[in-house]
Amino acid sequence: MVSKAMQALQCPDIDTVWEWLDAIPDPEIPAVSLVEMGIVRDAQWDCDLLRVVLTPTYSGCPATSVIRLDVENTLRERGIEHIEIKTRLRPAWTTDWISEAGRQKLRAYGIAPPAGAASCAGMMAVGSIDCPRCGSCEVERISEFGSTPCKAHYRCTACLEPFDYFKPI
């Protein structure tokens, strides 16, 4: 039988830690989590120290400090005292890291997820972008930049609704 003192010293299993991290919303797109966006790259125990690696969507991301704080607060609220959060810029974040669940949530939120792999971004035709509202591929680009530099602003010519498109990067 494990005493309460021993239980307090035991670390939660890493799957539980990942569940906690997956519940933290992206501060700029709260419909998706940091894990679904591919920002949380690693989490592992080193004795009683939890090491978490984050890769921001770009090196100058203004939300990086908020993300770090959200991760730290979430883990501390769950009793983890010894935490090391590292920011890793290499390899650079790519939209390829957005999970399928994240892509579906982006679409439901009204943002068209990246069409295709980031490595093929230069070859993407406008027709391959579907309207997140009605599903039509009849869209036109309004502006190369949307609400953030990583998004472009589009309009669906079928339902006439404007939307952001998350550019493959």
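Is Thr57 buried or exposed? With a relative accessibility of 13%, Thr57 counts as buried, where buried means under 20% relative accessible area, exposed over 50% and partly exposed in between (1.4 Å probe, protein chains only). The model is a predicted one, so to speak of local features takes a pLDDT of at least 70, side-chain atom pairs count only at pLDDT 80 or more, and totals for chains, interfaces and linings use all residues. Residues are numbered from 1 along each chain as its sequence is written, and side-chain values use heavy atoms, with hydrogens and water left out.Thr57 lies in the loop between β2 and α3 (64-77). Leaving aside neighbours within four places in sequence, Thr57 is in contact (heavy atoms within 4.5 Å) with Met37, Ile39, Trp93 and Ile169. Thr57, Met37 and Ile39 turn up again around the largest cavity, where they lie nearest the centre along with Asp26 and Glu28. A cavity here is a set of points on a 1 Å grid over the protein atoms alone where a 1.4 Å probe fits but cannot get out, and lining residues have an atom within 4 Å of a point.

Helices (H or I, at least four residues) and strands (E, at least two) are DSSP runs, numbered from the N terminus. Of the 169 residues, 38% are buried. Among contacts with a separation of 6 or more, 48% come from residues 24 or more positions apart.

Helix α4 (residues 100-109) has Gly102, Arg103 and Leu106 buried. Seen down the helix axis, the buried residues of α4 fall within an arc of 100°, so they line one face; the arc is that of the directions from the axis to the C-beta atoms. That buried set packs against β4 (111-112) and β7 (162-166), while Glu100 and Ala108 are exposed on the other side. Just after α4, Gly110 takes a positive phi of about 100°.

Most residues other than glycine have a negative phi, and most peptide bonds are trans. Cys47, in the loop between β1 (40-46) and β2 (49-54), has a positive phi near 60° and counts as exposed at 68% relative accessibility. Leu160 sits in the loop between β6 (151-156) and β7, with a positive phi of about 70° and a relative accessible area of 53%, which makes Leu160 exposed. A cis peptide bond, with omega about 0°, joins Arg90 and Pro91, and Pro91 lies in the loop between β3 (83-87) and α4.

Conventions. 1 Å grid on protein atoms, 1.4 Å probe; cavity = no way out; pocket = protein on both sides within 12 Å on 5 of 7 lines; lining within 4 Å.
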